[in-house]
Structure formats: structure tokens, C-alpha cells
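Colleague: I am new to this one. Please show me the structure, and then I will ask about it.

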Amino acid sequence: MTGALPDLTTGLAFLAGFAALVTTGSWRAALRILLDLLVAVGLLRLSLAGGWSALAVAAVVVALRHLLWAALAAGPPGPAPTSPPRCGGDDQRLALAARGEHGEDRRTSA
């Protein structure tokens, strides 16, 4: 009975990850739940078997979880700026705004 417990827990971990994906719609949340539950399964295998192979499996699962979550937490790089900012160095209104003053807008005066 105890030999099948880690396998059953692994199946339930995948089921819980899928349920989280369906209910929340966030694949990151579902992946995090799946990885956390797989870490628990690895520790369960380690506690039941107690051998070096179980320790190696648990260590690989923990390392994989950390690496995947670090890669996902970084996210994709942001878009590159395509145009200069509106208040450039030649904008005279920037100095006025820094002092809290209102100047004439040369575009509207005739």
C-alpha cells in the first residue's frame, strides 16, 4: 500500500495542477501548484524509500522547481522604446514644470 502512495500522489498533483489551470486560467499559478506538489511527492518518496535514489529524485525535483520558477518569475523582457520621451532636453516647459510654473504654450499663441 505504501509503495503506491507516491504514484497516487503524483497523479493527484497533476490533477490539482490541471484543476488550477481550468479554474484560474493562469498557467503560472497552475505550474506553481504542480511544482509544489511534486516536491511534496519527492519528499514522500524519500521518507518511504530512504535510499540514495529517492534522495536524488527529491533533489532533482527541488532543483527543477527552483530553476523553473526563477525563469518564470523573471518574465519576458519588456518592449524596446520606439520613440523618445515627450519631455526631451529641448523642451522649455520641462524647466517650468520643475519649478512649478506655467508658461505660455507657443503652439497655441498666434
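Colleague: Is arginine 65 buried or exposed?

Modeller: First, a caution: this is a predicted model, where local features need pLDDT of at least 70, side-chain atom pairs count only at pLDDT 80 or more, and totals for chains, interfaces and linings use all residues. Residues are numbered from 1 along each chain as its sequence is written, and side-chain values use heavy atoms, with hydrogens and water left out. Buried means under 20% relative accessible area, exposed over 50%, partly exposed in between (1.4 Å probe, protein chains only). Arginine 65 has a relative accessible area of 18%, so the residue is buried.

Colleague: Which residues is arginine 65 in contact with, leaving aside its neighbours within four places in sequence?

Modeller: Contact means heavy atoms within 4.5 Å. Arginine 65 sits in helix α3, residues 52-74. Helices here are DSSP runs (H or I, at least four residues; strands are E, at least two), numbered from the N terminus. With those neighbours set aside, the contacts of arginine 65 are Arg32, Leu35, Asp36 and Val39.

Colleague: With which residue does arginine 65 meet in a salt bridge?

Modeller: A salt bridge is a side-chain nitrogen of Lys or Arg within 4 Å of a carboxyl oxygen of Asp or Glu. By this rule the count is 1. The N to O distance is 2.5 Å, and the partner of arginine 65 is aspartate 36.

Colleague: How many residues apart in sequence are the parts that this pair ties together?

Modeller: The salt bridge joins the side chains of arginine 65 and aspartate 36. Arginine 65 lies in helix α3 and aspartate 36 in helix α2 (residues 27-49), so the parts tied together are apart in sequence by 29 residues.

Colleague: Is aspartate 36 buried or partly exposed?

Modeller: Its relative accessible area is 34%. Therefore aspartate 36 counts as partly exposed.

Colleague: Which helix gives the largest share of the nonpolar patch?

Modeller: Patches take residues with over 30% relative accessible area and no salt bridge; like charges are joined within 9 Å, nonpolar side chains (Val, Leu, Ile, Met, Phe, Trp, Tyr) within 5 Å. Leu5, Leu8, Leu12, Leu15 and Leu48 form this one, with about 460 Å² of accessible area together (Shrake-Rupley method, 1.4 Å probe; for residues, only the protein chains shown count as cover). The largest share, 4 residues, comes from helix α1.

Colleague: What pattern does the protein chain follow along the sequence?

Modeller: The protein chain has 4 helices and 0 strands. Read along the sequence, its pattern is α-α-α-α.
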